[in-house]
Amino acid sequence: MTATQPIEAASAVDAIEPDRGHPVIRMTGVSKSFAGVHALTDVSVEFFAGEVHAILGENGAGKSTLMNIISGVLQPDRGAIAFDGRDVTPLSPDSSADLGVAISYQHPAILEDLSVLENLQVALPTQVFAVGDTRGIARRMLDEVGLHVPLQARAGSLPVAQKHLLELAKALAVNPRVLILDEPTASLDQDATNMLFSQVRRLVAEGTSVIYITHRLAELRQIGDRVTVLRDGRMAGRAMVDAVGDEDLLSMIVGRSLESAFPLKLDDPAPEINFTVSGLSGRKFKDVSFEVGRGQIIGVAGVEGNGQADLMRALAGLQSITGEVQLNGHAIGASALKSHAAYMPSDRHTEGVAKDLTVRENATFAALEKFSLRGVMRRPRELAKVNEVFRELAVKTAGLEAKILSLSGGNQQKVVMARALLSEPGFIVADEPTQGVDVGARSEIYRILREVSRSGTPVVVNSSDAAELEGLCDVVIVMSRGRVVETLRGDDITEARIVGAAVQADTHAHHVEEARRHHASFGERVKHFVQTDNATVGPLVVVAVALALYVFGQNENFLSAFNVSNILILATALGFIALGQTVALLMGGIDLSVGPLAGFLVVIASFFVNDGQPALTIAAGFALMLAAALVVGLINGSLIRFANFTPIAATLAMFIGLQGLSFVLRDGPDGFINFGVIETLTWRLGPIPVAFIVLVVLAIAAEFTLRKRRPGWRLRAVGSNEDNARRVGVRTNLTFIAGYVACSLLTALGAIMLMAQIGVGDPAQGVNYTLASITAVVLGGTSLLGGRGTFIGTVMGALLLTMVLNAVSFLGLTQTYQYMFQGALILAAALIYSTVRRKAEA
């Protein structure tokens with residue numbers, strides 16, 4: 001097969017391929033488009049058991065789209081998929097997993113608000129943990145891929161390389177028939193890459209079909225049996241790996257011949273020094289010193305986790321440091337680094353791109369002042385510069401106004417680099433700049449970095465690829481345990497010297513101490529519980545006790561049995577409604593309709609739960625309250641999921657509708673509630689209402705479900721990252737609708753207690769519970785962004801808020817103080833929560 005062979009003739013190589021029997025997967029004529037852009041066109045390919053089938057192609061060639069179709073995340077527009085000769089079109093994530101397909105994504109499907117253990121539990125089938133100790137099973141999964149982190153660690157706190165290892169652990173845990181590895185080594189060091197190859201060889205020997213997407217031809221030679229090349233969404237060729245040369249593969253990938261991957265290095269042995277770092281110390285690194293000459297590129301190497309990433313963030317002004325940085329002979333203070341540096345982060349999804357902005361906006365938001373005149377943007381100049389840089393980097397996009405997430409991962413990385421160039425920085429800090437980038441684009445990035453360096457702008461590159469550092473850099477510092485253990489220059493910069501210096505250093509960071517942290521004691525688990533989502537519970541208890549003692553000192557009746565019981569009754573109604581609001585916020589939504597819904601349900605009850613009514617009629621009234629709540633929850637969830645309403649718009653419309661219905665049914669207070677029902681609902685054990693005890697028990701059960709059961713993990717997964725939740729098999733639509741139904745049903749419980757408080761059907765009641773429930777939830781420590789929260793904290797928030805309102809009356813203060821206290825409590829809770837989270841994740 002040759003590079004000049006036309007795409008249509010690619011199948012001609014089939015004649016020289018060995019007969020491997022029937023394929024495990026056969027894809028025939030598969031096509032897929034996005035907004036008119038063809039991602040795949042008439043692709044046919046077969047994958048066989050017991051071999052590694054590599055998929056090559058430039059960024060945007062359609063590789064990840066093809067894999068997403070096999071894994072069921074996407075459905076093809078045309079074409080068929082057969083598994084063991086049986087048509088299985090279309091696939092869903094669940095049906096694909098049932099067939100034995102596992103995938104390790106290029107951008108790990110990690111739920112950052114969940115722990116490492118919870119990520120495994122929500123993504124893997126229940127039977128994986130059915131026999132034996134759950135933590136022990138999970139520990140063995142992580143040990144198998146060399147991931148040495150505590151199981152209770154928040155996944156969002158892991159560096160990119162460890163997220164990839166966690167993704168790999170999930171894929172290997174199910175012993176798949178078909179394993180898809182999408183750029184698995186993009187952020188791995190050499191040790192982790194060797195471990196991966198060992199696992200792949202083991203699986204292939206056991207008969208697994210491994211589909212391996214890569215941009216690195218050296219990896220193809222090490223691990224591949226068969227190769228298929230895609231270009232612009234079409235088949236560009238296929239062959240057995242040992243029957244095709246690198247030059248032919250490169251020509252098929254890019255459609256042209258490539259020159260040397262790396263540009264020529266600087267030939268000046270003593271260039272003028274224009275960037276100096278002296279005695280720099282910070283988080284996870286200490287006493288780092290180096291200097292860069294004009295036209296030089298300096299590389300940072302080392303085993304992952306030895307301070308390289310933190311050094312890069314510190315140079316970009318994102319972490320506090322001590323020491324000195326000089327640019328062109330002038331010292332730059334730590335606070336000024338951010339304004340001089342252009343930072344290219346390794347985790348482009350989290351830090352590199354603004355997901356809601358367009359391609360153009362992502363490229364220019366760091367350089368807007370360069371395209372404005374007296375504060376007014378000059379759009380023609382902006383477009384001209386963006387197009388110029390995009391041409392240099394060969395960015396593939398449907399248009400400058402396309403959403404950034406519509407681009408392939410490699411093209412997103414090019415946009416990040418374009419932003420760095422457009423900002424015209426004092427120096428460039430590039431952390432894994434070619435991670436997930438194809439061979440053609442990688443050469444372009446190397447060329448651009450070299451040109452920038454020659455123009456006088458210092459360039460610092462951190463890379464886990466020693467071969468890349470050898471070919472690109474003029475100086476390389478090797479780090480171990482946060483210190484520079486060797487500095488290489490000129491001919492000393494070889495892959496062998498770099499790797500040798502990293503792994504043989506006396507100060508190399510072994511993982512023995514870290515491994516001991518795996519087995520967290522019960523006390524450590526309790527500490528973790530308190531320090532994360534439940535961070536505000538302790539402070540809320542302290543504030544509640546202090547408030548009670550202070551008001552008691554002013555008026556001893558505050559802690560009388562009657563007033564304590566009254567506070568708890570009021571807190572119970574708010575608590576149930578706030579629990580429902582917590583469910584909505586955990587999913588990343590909100591429910592503005594809970595207040596009017598509570599009032600509406602009381603109005604419904606006022607027609608049935610009256611004195612003199614038979615028990616059957618009263619029971620029917622309660623049943624109608626629950627049925628109405630169920631319908632409201634279904635409507636809210638359906639509007640959001642299927643009618644593309646935002647949560648605020650959908651629930652605000654419901655807010656207005658329910659309030660109107662309440663006044664249609666009752667134009668004023670009427671329909672007195674059965675006194676016996678009220679007595680039953682407010683029954684006490686001493687000063688403690690039984691209903692409050694029920695609330696506490698329900699909150700504890702909900703908290704247990706949230707932390708320890710699949711429905712709770714799925715709820716938090718949807719709020720943490722809906723796309724990733726869908727990729728790991730969570731039925732997001734079902735989860736979201738069920739969440740809103742739960743929210744409405746919990747509101748119905750609050751309405752029952754509200755009914756016992758006011759004793760009459762009043763259409764004007766209940767509205768204030770919307771704001772009060774949100775206040776209680778925020779006080780309790782639940783994030784408004786979704787994914788993190790606590791039902792126990794919500795109950796404490798409801799109780800404290802009720803105490804504040806009651807205390808204002810006992811102290812004889814005006815309503816102004818009531819709102820002031822509420823605002824102060826919310827600010828204090830938010831401050832405590834954010835402070836504890838930062839310390840817990842440090």
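The reply below starts with the helix and its partners, then turns to the strands and a few single residues.

Reply: This is a predicted model, in which local features need pLDDT of at least 70 and side-chain atom pairs count only at pLDDT 80 or more, while totals for chains, interfaces and linings use all residues. Residues are numbered from 1 along each chain as its sequence is written, and side-chain values use heavy atoms, with hydrogens and water left out.

Helices here are DSSP runs of H or I with at least four residues, strands are runs of E with at least two, and both are numbered from the N terminus. Axes are lines fitted to C-alpha atoms, for helices over the stretch in contact, and angles between N-to-C directions run from 0 to 180 degrees. From α27, Arg-714, Leu-715 and Val-718 meet Thr-732, Thr-735 and Phe-736 of α29, where contact means heavy atoms within 4.5 Å. By class, three residues of the contact between α27 and α29 are nonpolar, two are polar and one is charged. Nonpolar covers Ala, Val, Leu, Ile, Met, Phe, Trp, Tyr, Cys and Pro; charged covers Asp, Glu, Lys and Arg; the others, Gly among them, are polar.

Helix α27 has another partner in α3, with axes that come within 10 Å and cross at roughly 105°. That makes α3 roughly perpendicular to α27. Glu-118, Gln-121 and Val-122 of α3 meet Arg-710, Trp-713, Arg-714 and Arg-716 of α27. This contact of α3 with α27 has four charged, two nonpolar and one polar residue.

Gln-121 leads on to Phe-129, a residue that touches it. Phe-129 is in the loop between α3 (116–123) and α4 (134–144). At 11% relative accessibility Phe-129 counts as buried (under 20% relative accessible area; exposed is over 50% and partly exposed in between, with a 1.4 Å probe and protein chains only). Beyond the neighbours within four places in sequence, the contacts of Phe-129 include Leu-120, Leu-124, Ile-137 and Met-141. Val-728 is 599 residues from Phe-129 along the chain, and their C-alpha atoms are separated by 17 Å.

Another buried side chain is Ser-565, at 2% relative accessible area. Ser-565 is in helix α21 (residues 561–586) and touches Arg-684, Pro-687 and Pro-689, with residues up to four places away left out of the count.

Next, the strands. Five of the five residues of β19 (residues 427–431) are buried, so this strand is largely enclosed by the rest of the structure. One side of β19 carries Phe-427, Val-429 and Asp-431, and the other carries Ile-428 and Ala-430. Strand β16 (residues 341–344) runs parallel to β19 and is joined to it by four bridges, with Ala-342 and Ile-428 as bridge partners. Strand β20 (residues 459–462) is parallel to β19 and joined by four bridges; here Val-429 partners Val-460. Strands count as paired if DSSP finds at least two bridges between them.

An open antiparallel sheet has the order β2-β1-β4-β5. β2 (37–47) and β5 (86–87) are at the edges with a single partner strand each, so one side of each lacks a neighbour in the sheet. Two bridges pair β4 (residues 78–83) with β5, and Phe-83 partners Arg-86. Helix α1 (residues 63–70) lies across β1 (25–34), β2 and β4, at about 120° to β1.

Last, the backbone. Most residues other than glycine have a negative phi, and most peptide bonds are trans. The bond from Thr-89 to Pro-90 is cis, with omega near -10°; Pro-90 is in the loop between β5 and α2 (93–98). Asn-175 has a positive phi, near 45°, and at 59% relative accessibility counts as exposed. The phi of Asp-232 is positive, near 55°, in the loop between β9 (226–231) and β10 (234–240).

Terms used: Parallel < 35°, antiparallel > 145°, perpendicular 65-115°, else oblique.
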